[in-house]
Amino acid sequence: MTFSPASIRSLTAGGATAAAGAETGRPKLTHSLLHQFNARNARSIAVALVLVFISYHGLVRLVYGTDSCAWLLARGEYHAGAAWQPYGCMVHTYTVRDSRRCMRYLEFLGQRNHLAFVGDSRVRQLYAAFVTQFGETVPPAEGARRHEDLVYEDAQLGLRVQFLWRPLVDERLLGDVIEWREAPAARLPRVLVLGSATHAIKTFNGSETALRAYTRNVTRLGAVLDQLAGAGVRVLWTVQEPVFYDRLAERRRAITNEQIDLYNAAARRVLASTRVRLWESNRLIGSGRLSESRDGLHAGPRAQGHVVQLLMNLYCNDRMNYNDGTCCSGGEPVTRLQVVTFAGFASCVVAAAALRGLRWLRQRRRRPGEPEEPEPAAGGAYALVTALARLGIIMAYFFLCDRTTFFMKENRYFTPLNFWLPLGYLVVLGLFFNEEGRHTNLLHRDQTEEWKGWMQLTILVYHMTAASKVLPIYMHIRVLVSSYLFLTGYGHFMLFWKTGQTNLVRFFKVVFRMNMLTVTLCFCMNRPYQFYYFVPLVTFWYVMLFIMLVVPPRVTAKSSENNHVQYLYLVIKFIVFFSVVIILFMSEVFFEKIFVMRPWKALYVTEDDDIHQWWFRWQLDRFSVAFGMLFAFLYVLARRHLPLDDNSPGNLLSGNLALTAVFLSLAGLGGYSTFTFMCSSKPDCNRVHPYIVFIPILSYVVLRNIVGCLRTRYSSLFAWFGRISLELFIGQYHIWLAANTYGVLVLVPLYPVLNVLITSFIFICVSLEVHRITDELTPVLVPNDWRLCLRNFVIFVLVLVPIGVHDGMF
C-alpha cells in the first residue's frame, strides 16, 4: 500500500484522501484506509496501545514481582556485540572512581561494606576482579597460595572483601556458614557470593555418587543460607557457566558441560524454595564470551568485567541514583510541587468530564425542533478546561514512563548499522513524499519546516542510538542544532522586516509556544528548566533578538525603502549585538555573575546548582542566531539592489555564477566534514565550531535553493514533522527515551525493533496532541488584548513566587 502526500496532511487536518487516491487509480480498499486514517484515529490507536501496555506490564508485575534486582541476576543478552544488557533495566558502568565514591558514601551513611566470596577458583577469579574495581590488584594465585583464604580491606572506604577457598560443598563450608548465622549482625557480610561445582566434578571424575552427595550438601547448606538471607544478608549462588572443552587441561577433562548442567540443575532444584538468589546471568555472560577463556575453565577479562559491573549495580544503584542505573533502584520520590500540579490537572479532568456530561445530557433532552446547542467558544472556559484535562492525562503518561519503575528501561548502544539504517529509511520516505510547493522565494515556509523536520528526525535517531560517542557524527549534529537557531534568527528577522510586528502580545505568544510543554514538564517531572537545554537556549536568543529589533530606530522594509540611512542603523545594531555576545564570552566569570543573579538564576542552573552546562550550550551556538539575522539582512539587500529574483520558479543564478556557487557550496560541506574527521577531540572541535558553523549552513541553503525545481519542491513528510519539531525534541526525554535520555523506554521487551516502532508511534501521536493543545491554549492564556495578556503574565509570576521562595530563588 502506498501513501500520497495528502495522506500526510490528513494527520493534522483529519481530511479525507479518497479523492486523491481515486485520481491515481488506487484500489478502493486503499482509498477507504486512507480516508479512515487521520489524526483522530491515530490518537485513538495510541491511547488503546497505552492502555494495553499498562495492563500488560501491570500483569507482569503482579505475576513476576517488581524487583529489578531479580531481572539483573536472572536474564539478559549481549547488545552491540559487546555490551551486556540485563532484562528490563539499565546498568551504570562503574569506574574505579564511581566504585570508591559509592563505598565512601555508604560508609558515611553507617553501612558496613562487607562482601564475602566463598567457593572454588572461579569465585576466586570473581573476587580478584571485584577488588580490581577499586584500583587494587590481586597477585595471581600460584603454588600453595592457590588454596589460601584472602582478604582486602580499605579503612577509608569502610570496605572489607574476603575470599574463602571452599572448592567443595562439604562440612567445612557448612560450618563457616553456620558460624556466620550465629554471629552478631555487625559481623555478617552484606553480600555473600557462593559457587561450586567444577572442583567436585574434577576431583570425583564426574561420578553419580559425587552428584548425589553434592545435592544432599546443597540441601543442608540451603537451609542455613535461607536463615542468613532472612537476617538481611544478600546471598547469591553463582550458576556455573559452561567450559570451552577443547582448551581444558588434561587434568580437567572430566569437567564437561553435561556434568555442569547436572550440577546446576541440582542447585536450582534445591535452592528454588529458599531466599537464596540464583545468579543465572553469570552463566549467560560466560556463555556469550566462552571463546575468550584462556584455559577453557575461567572466564575472560571482558566477561568478568560484566559480572563485576552487575555486582556493583546490585550493591550501589539504590543509593547512588545514577540516571543510567535503574536496576535495583527505586522510583524517584514525589515532591510537593508535583502533587499540587497533578492535583490541579486531576481537577481539570473531573471538571472536563462533568462539562462533557452536562452537554451530552442537554443534547439528549433536546426536544424535536429545538435548535442544537452551539459548539463551545474556541477561547472560552470550556476549551481551557478540556485542553488542560488532556494535557494532564498526557503528563500522567510522561510521569508513568520516566518517574516510576512501572515500564522497563534499557541502555542505549551504538553500532554504525543501527544509526545509518534508520537514516536511510527516513531519506527514502522523505523523497517519496515530495510535492510542488506554493512558494518560490528563498527559504520559504514549506522549505524551512522541511528543514526542521529532517533535522529533528536525524537528532532523534542520534539520541536513540547513542551516536554522540562518534566525534564526526557529534559535530554534524551540532550543525543541526545551530541550523535551528540560524532559522530562528532568519525567520523572526524576516517577519519583522516585512511587517514590523514587535508588539508585546506577539512576544508573549512566541515565548508561550516555545515554553508551554517545557514549563509543564518542569512542574510534573521535577526537573530544572535547564534540563531541557534547547528551549532555554532558543528562548534566550529570541529575547535578545526581540530587544535588538524593538530598540529604536526600528528598521523595516517600509522604513528603509527610500531612506538608506536606515541600513546604517541596522548595521550599528548588528555591531552592538555581536559586541554583547563577544563580551559575555570573553570572561566566563563575568558570564556566570550575570546568569547566577537572582531570581533568574533558577532558569540557568542544573539541579546541582551548576551553571557550566548553560555556559557550554550558550557559547557553542553564540553566533548562530546572529548569523541567521545577518543572512536575512544581506538577502533582502540582494533582492532590492542586485539582480536576484526568487519570485519565479527559475534558477536564482545562471551560467558560470550558478556553477561557481554550487562548487563553493559542495566545497563548504566537504570541508566541514573533513574538519570533523581531522579534529582530535570534542573540546577542540567545539572551540572552533562557533566560527565556522555558518559554512555548512550557508552551503546547504545555496544547494537547496539555487536550482528552481529544487527550491519549489519540498518533502511533505519532513515538513509535517517540522511543524511539531519542538514537541518531538522535548517529548523524547521521557516517553521515547527514558531515564533522562540515558536509556530507552521498553514497552515490548525482547523485541527491540517492534518496541521502537510502537514507542515511536505513541511518541509522535503524543507530540501532535501537545502541539494541538498548545494551539488551543495560546489564545486563552495569551489573548490579543495586551492588557489581558499582561494580567495573565503577572498571575503566572505570582504563581512562581512561592515556588521560587521554596527553592531559594529569592
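User: A disulfide is a pair of cysteine sulfur atoms within 2.5 Å. How many disulfides does the structure hold?

Analyst: This is a predicted model, where local features need pLDDT of at least 70 and side-chain atom pairs count only at pLDDT 80 or more, while totals for chains, interfaces and linings use all residues. Residues are numbered from 1 along each chain as its sequence is written, and side-chain values use heavy atoms, with hydrogens and water left out. A disulfide is a covalent bond between the sulfur atoms of two cysteines. The number of disulfides in the structure is four.

User: Is the disulfide of Cys89 and Cys327 right-handed or left-handed?

Analyst: The sulfur atoms of Cys89 and Cys327 lie 1.9 Å apart, and the two residues form a disulfide. Because the torsion about their S-S bond is about 90 degrees, this disulfide is right-handed.

User: How many residues apart are Cys89 and Cys327?

Analyst: Helices (H or I, at least four residues) and strands (E, at least two) are DSSP runs, numbered from the N terminus. Cys89 sits in the loop between strand 2 (83-86) and helix 6 (96-108). Cys327 sits in the loop between helix 13 (301-320) and helix 14 (336-365). The pair links distant parts of the chain, and its separation is 238 residues.

User: Is Cys89 buried or exposed?

Analyst: Buried means under 20% relative accessible area, exposed over 50%, and partly exposed in between (1.4 Å probe, protein chains only). Cys89 has 2% relative accessibility, so Cys89 counts as buried.

User: Which helices hold Cys102 and Cys316?

Analyst: Cys102 and Cys316 form a disulfide, with sulfur atoms 1.9 Å apart. The torsion about the S-S bond is about -95 degrees, so this disulfide is left-handed. The pair links distant parts of the chain, 214 residues apart: Cys102 is in helix 6 and Cys316 in helix 13.

User: What is the distance between the sulfur atoms of Cys679 and Cys685?

Analyst: Both cysteines are buried: Cys679 has 13% relative accessibility, and Cys685 has 0%. They form a disulfide, and the distance between their sulfur atoms is 2.2 Å.

User: How far does helix 4 reach from its first C-alpha to its last?

Analyst: Helix 4 (residues 39-64) has 26 residues. The expected span of a helix is 1.5 Å times one less than its number of residues.

User: Which residues of helix 4 are buried?

Analyst: An α-helix has 3.6 residues a turn, so residues three or four places apart point the same way. The buried residues of helix 4 are Ala39, Ala42, Ala46, Val50, Phe53, His57 and Val60.

User: Which helix gives the most to the nonpolar patch?

Analyst: The nonpolar patch on the surface, with Leu504 and Trp786 among its members, has about 860 Å² of accessible area together (Shrake-Rupley method, 1.4 Å probe; for residues, only the protein chains shown count as cover). One of its residues, Val794, is partly exposed at 42%. With nine residues, the one that gives the most is helix 33.

How values were computed. Patch = residues over 30% accessible without salt bridge, like charges linked within 9 Å, V, L, I, M, F, W, Y side chains within 5 Å. Salt bridge = Lys/Arg side-chain N within 4 Å of Asp/Glu carboxyl O.
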